[in-house]
Amino acid sequence: MNSVLFMLCVFSFPFVCGTLEGDEPLAVMPKLSADWQLQEDEKRGEAQKRVPYRWCVYKNRNSGELLSIAVRKLAPDQQLSLEKYADTAFEIFPSGNAVWTSGSKKIESLYHKLDTTRTGDQMLDYGFVCCPKDSDNMLAHGVAWKSDEQIVFVQQTSHRPITSRFVRTAALQYIDLLKEFEKASN
């Protein structure tokens, strides 16, 4: 089933440009195949001004899995090593939904490790189990990547057992598109 979702979703990613305030380009944001429906995204207004991320959460209508993406523009004083963002990776989408919309949940870390992409970029692979009081546990796998301009979190969350293959492949394709976008805008 994961390989079917992989083929339908990852290889059929059309992308569009997103913006932050005004005309300042921030990132490309995905528009997924028909199986993935936008469940929630950033809200403009007072609450969003306190949240420094462009973000969206997609839900697969067949499997119920969530694909969550957050992109944050980095200031020069935020140039920390990627490993320093491990806590953020565990906290940003604890149940697949943004923590600032769904509240904090108890999580049990499974792993986080630095890895290298096929182009030599460093990325952070992570996984955890979310243990909400009001529903079944959820398994999450994610990838974080940082450039000089932004940090990106891409995470898949499910009530069913999943591997990190889908989210890793989706994240690598997303990272490649972001790098092309950054290169074109410089």
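Start your tour by selecting Asp125: with a relative accessibility of 7%, this residue counts as buried (buried means under 20% relative accessible area, exposed over 50%, and partly exposed in between, using a 1.4 Å probe and protein chains only). Before you click on, know that this is a predicted model, where local features need pLDDT of at least 70 and side-chain atom pairs count only at pLDDT 80 or more, while totals for chains, interfaces and linings use all residues. Residues are numbered from 1 along each chain as its sequence is written, and side-chain values use heavy atoms, with hydrogens and water left out.

**Stop 1: the charged network**

Helices (H or I, at least four residues) and strands (E, at least two) are DSSP runs, numbered from the N terminus.

Through shared partners, salt bridges join Asp115, Asp125 and Arg168 into one network. Is Arg168 buried or partly exposed? At 22% relative accessibility, Arg168 counts as partly exposed, and Asp115, at 25%, is partly exposed too.

Slide along α5 to Lys179. The Lys179 side chain meets that of Asp121 in a salt bridge of 2.4 Å, N to O. Lys179 is in helix α5 and Asp121 is in the loop between β6 and β7 (122-130), so this pair ties together parts 58 residues apart in sequence. In total, the count comes to 6 salt bridges.

**Stop 2: a threonine in the loop**

Stay in the loop between β6 and β7 and pick Thr117. At 8% relative accessibility, Thr117 counts as buried. Which residues does Thr117 touch, leaving aside its neighbours within four places in sequence? They are Met123 and Leu172, where contact means heavy atoms within 4.5 Å.

**Stop 3: the sheet**

Switch to a cartoon view and follow the strands. You'll find an open sheet of 7 strands in the order β3-β4-β5-β9-β8-β7-β6, with antiparallel pairing (two strands pair if DSSP finds at least two bridges between them). β3 (36-41) and β6 stand at the edges with a single partner strand each, so one side of each has no neighbour in the sheet. From one strand to the next, the twist averages 20 degrees; axes are lines fitted to C-alpha atoms, for helices over the stretch in contact, and angles run from 0 to 180 degrees between N-to-C directions.

Next, select β5 (residues 66-73), a mostly covered strand with 6 of its 8 residues buried. On one side, β5 pairs with β4 (residues 54-60) in the antiparallel sense over 6 bridges, and Cys56 stands opposite Ile69. The two strands form a hairpin with 5 residues between them, and Gly64 in the turn has a positive phi of about 80 degrees. β5 is also joined by 8 bridges to antiparallel β9 (residues 150-158), where Phe153 is the bridge partner of Ala70.

**Stop 4: the cores**

Show side chains for Tyr53, Trp55, Ala70, Phe93 and Phe153: these have the most contacts inside the largest nonpolar core, which has 24 residues. A nonpolar core is a set of buried Ala, Val, Leu, Ile, Met, Phe, Trp, Tyr and Cys residues joined through side-chain atoms within 4.5 Å. The elements giving two or more residues to this core are β4, β5, α3, β7, β8 and β9. Another core lies apart from it, with 18 residues, among them Cys56, Tyr58, Met123 and Phe166.

Zoom in on Phe153. Leaving aside neighbours within four places in sequence, its contacts include Tyr53, Ala70, Tyr85, Ile92, Tyr126 and Val143.

**Last stop: a proline**

Finish at Pro94, in the loop between α3 (86-92) and α4 (99-102). Pro94 counts as buried at 3% relative accessibility. Its C-alpha atom is separated by 8.5 Å from that of Val129, 35 residues apart along the chain.

Definitions and conventions. Salt bridge = Lys/Arg side-chain N within 4 Å of Asp/Glu carboxyl O.
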